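Below is a short report on one protein chain.

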Amino acid sequence: MQMNIKWYLYVNALSSLGSRMNLIACSALIFTFEHSAYWMTAFFVARQLGGMLFSPLAGILADRMDRRRTMIASDMGAGLAILAIAFYPTPYVLIAAAFLNGMLYTLFHISFQASLPQIFGSEQLVQINGLKVRLESLVGIIGFILGGWLTDHYGYTIVIILDAASFLFSAWILTRLRWEVKRDNALATFSDANIKGKAASGLRVTLRYLRETPVLLTISLLAFLVSLSTSAYNYGLPFLADKLRGSDATLHGLMWTAMSVGALIGSYVAARLRVELVNGMLVAYGVFSVGIVGAFAANHAVSVLLLLVLAGLFSGAAQVYESTLLQQAHNELRGKVMGVQGLLSRSGYFAGFLMAPFLAGAFTLLGMLVFAQLMFVAGLIGFGLYLVFSPKK
């Protein structure tokens with residue numbers, strides 16, 4: 001069966017849509033449990049721990065195994081784990097599935113990201129990543145609203161089954177796809193022979209490769225601060241909505257929609273601008289940080305939503321540039337590089353969600369957000385200076 005490989009980006013977006021609907025459905029299921037607050041915390045922690053612990057191994061598997069097959073296995077495993085929740089809607093099955101899906105999502109994401117340069121070639125990566133971020137933004141706009149509506153009208157079981165079906169459908173599509181390996185212009189500082197001869201030694205060679213490739217080292221370390229920044233506004237947005245309109249779930253949903261609309265526009269613009277990728281990423285993240293602080297400082301819902309659109313716009317652009325740069329790692333080590341980046345990213349979320357309640361209590365909601373963004377901006381400046389003064393390879 002011949003199929004345009006670009007269609008898989010749309011199928012992958014379908015799985016992401018199912019995952020967002022599933023988050024709403026699982027939240028509704030958790031509220032039916034005794035001690036629901038405890039199980040809600042366990043649910044989110046299990047997802048993060050699964051991804052954090054598995055990221056290094058996922059990177060190794062993505063490099064040593066056929067990436068298409070790892071993606072098929074990940075989709076099938078995720079679909080079956082989610083289906084188990086529908087048949088056995090108990091707290092322990094839900095937490096086990098969340099932990100397993102955190103692992104499988106990490107393996108899929110690394111394999112998927114690492115495969116894009118082989119599928120499309122480096123010359124198309126900015127456009128392909130722009131399309132990917134646009135699809136994810138559309139999914140963000142639709143998924144949470146649709147998931148809530150379906151859960152309210154038909155119950156959580158049907159939504160969970162639809163999510164499982166989306167993963168199994170994605171796995172089936174992957175079994176029908178084949179792609180030619182295209183040459184990708186890597187940022188490698190090692191010779192091909194050096195990398196191929198030593199790739200099997202794993203983490204040691206990967207860390208040496210990162211030290212000798214300043215751009216990739218910057219992106220990997222920056223992942224921790226990006227996640228720390230993201231966890232701050234993830235934690236703060238429900239409280240901001242409550243402050244403005246007293247527990248208004250609709251306003252909270254509109255906030256996420258505003259950021260998704262901004263990301264949709266930003267990814268479209270970023271894919272068409274001719275800028276230095278590293279500079280574009282650092283500047284876009286910097287403006288995003290200012291925009292998100294402005295949103296939390298605003299006192300009117302309309303102003304907040306407009307500033308969130310602005311923040312989302314630059315966040316979407318930064319994601320396009322970051323993904324494109326990361327995918328230029330040498331093919332033999334790309335998965336391991338993404339595994340290191342994934343570990344730091346998950347660690348940033350874990351630390352951020354632990355810190356946010358204490359910072360919000362010690363300062364104010366705005367103070368917590370400003371503290372996180374100041375750390376982020378300081379990191380951006382520091383990494384920018386490092387890239388300027390690092391020896392050119």
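In this predicted model, Pro-89 is partly exposed, with a relative accessible area of 34%. Pro-89 sits in the loop between helix 3 (67–87) and helix 4. Setting aside neighbours within four places in sequence, Pro-89 is in contact with Leu-29, Phe-33 and Tyr-156. Thr-157 is 68 residues from Pro-89 along the chain, yet their C-alpha atoms are separated by 8.8 Å.

Helix 4 (residues 91–120) holds Leu-100. Leu-100 is partly exposed as well, with a relative accessible area of 36%. Leu-100 and Phe-54 are 46 residues apart in sequence; C-alpha to C-alpha, they are 9.8 Å apart in space.

**Overall fold**

The chain has 14 helices and zero strands. The chain counts 393 residues, and buried residues make up 53% of them. Take the contacts between residues at least 6 apart in sequence: 83% of these join residues at least 24 apart. The chain exposes about 17,700 Å². Carbon and sulfur atoms supply 67% of that area.

**Nonpolar cores**

How many residues does the largest nonpolar core have? It has 66. Leu-222, Tyr-285, Ile-292 and Leu-308 have the most contacts inside it. Helix 9 (residues 214–245) gives the most to this core, with twelve residues.

Neighbours within four places in sequence aside, Tyr-285 is in contact with Leu-222, Val-226, Ala-318, Glu-322, Phe-376 and Leu-380.

**Surface patch**

A nonpolar patch on the surface is formed by Ile-265, Tyr-268, Val-269, Leu-273 and Val-275. Together they have about 410 Å² of accessible area. Val-269 lies in helix 10 (residues 249–270). Its relative accessible area is 36%, so Val-269 is partly exposed.

**Charges**

Side chains of opposite charge can pair when their charged atoms come close. With a cut-off of 4 Å between side-chain nitrogen and carboxyl oxygen, the count comes to one salt bridge. Arg-208 forms a salt bridge with Glu-212. Their closest N and O atoms are 3.3 Å apart. Arg-208 counts as partly exposed because its relative accessibility is 32%. Glu-212, at 22%, also counts as partly exposed.

Which side chain of opposite charge is nearest to Asp-163? It is Arg-47, 8.9 Å away. Asp-163 is buried yet has no salt bridge. Asp-163 lies in helix 6 (residues 156–176). Residues up to four places away in sequence not counted, Asp-163 touches Ser-15, Gly-18, Ser-19, Asn-22 and Ile-82.

**Partly exposed residues**

The table collects relative accessible areas for the residues discussed above.

| Residue | Relative accessible area |
|---|---|
| Pro-89 | 34% |
| Leu-100 | 36% |
| Val-269 | 36% |
| Arg-208 | 32% |
| Glu-212 | 22% |

Terms used:
Residues are numbered from 1 along each chain as its sequence is written. This is a predicted model: local features need pLDDT of at least 70, side-chain atom pairs count only at pLDDT 80 or more; totals for chains, interfaces and linings use all residues. Side-chain values use heavy atoms; hydrogens and water are left out. Helices (H or I, at least four residues) and strands (E, at least two) are DSSP runs, numbered from the N terminus. Buried means under 20% relative accessible area, exposed over 50%, partly exposed in between (1.4 Å probe, protein chains only). Lys and Arg count as positive and Asp and Glu as negative; His and the chain ends are not counted. Contact means heavy atoms within 4.5 Å. A nonpolar core is a set of buried Ala, Val, Leu, Ile, Met, Phe, Trp, Tyr and Cys residues joined through side-chain atoms within 4.5 Å. Patches are made of residues with over 30% relative accessible area and no salt bridge: like charges are joined within 9 Å, nonpolar side chains (Val, Leu, Ile, Met, Phe, Trp, Tyr) within 5 Å. Accessible areas come from the Shrake-Rupley method with a 1.4 Å probe; for residues, only the protein chains shown count as cover.
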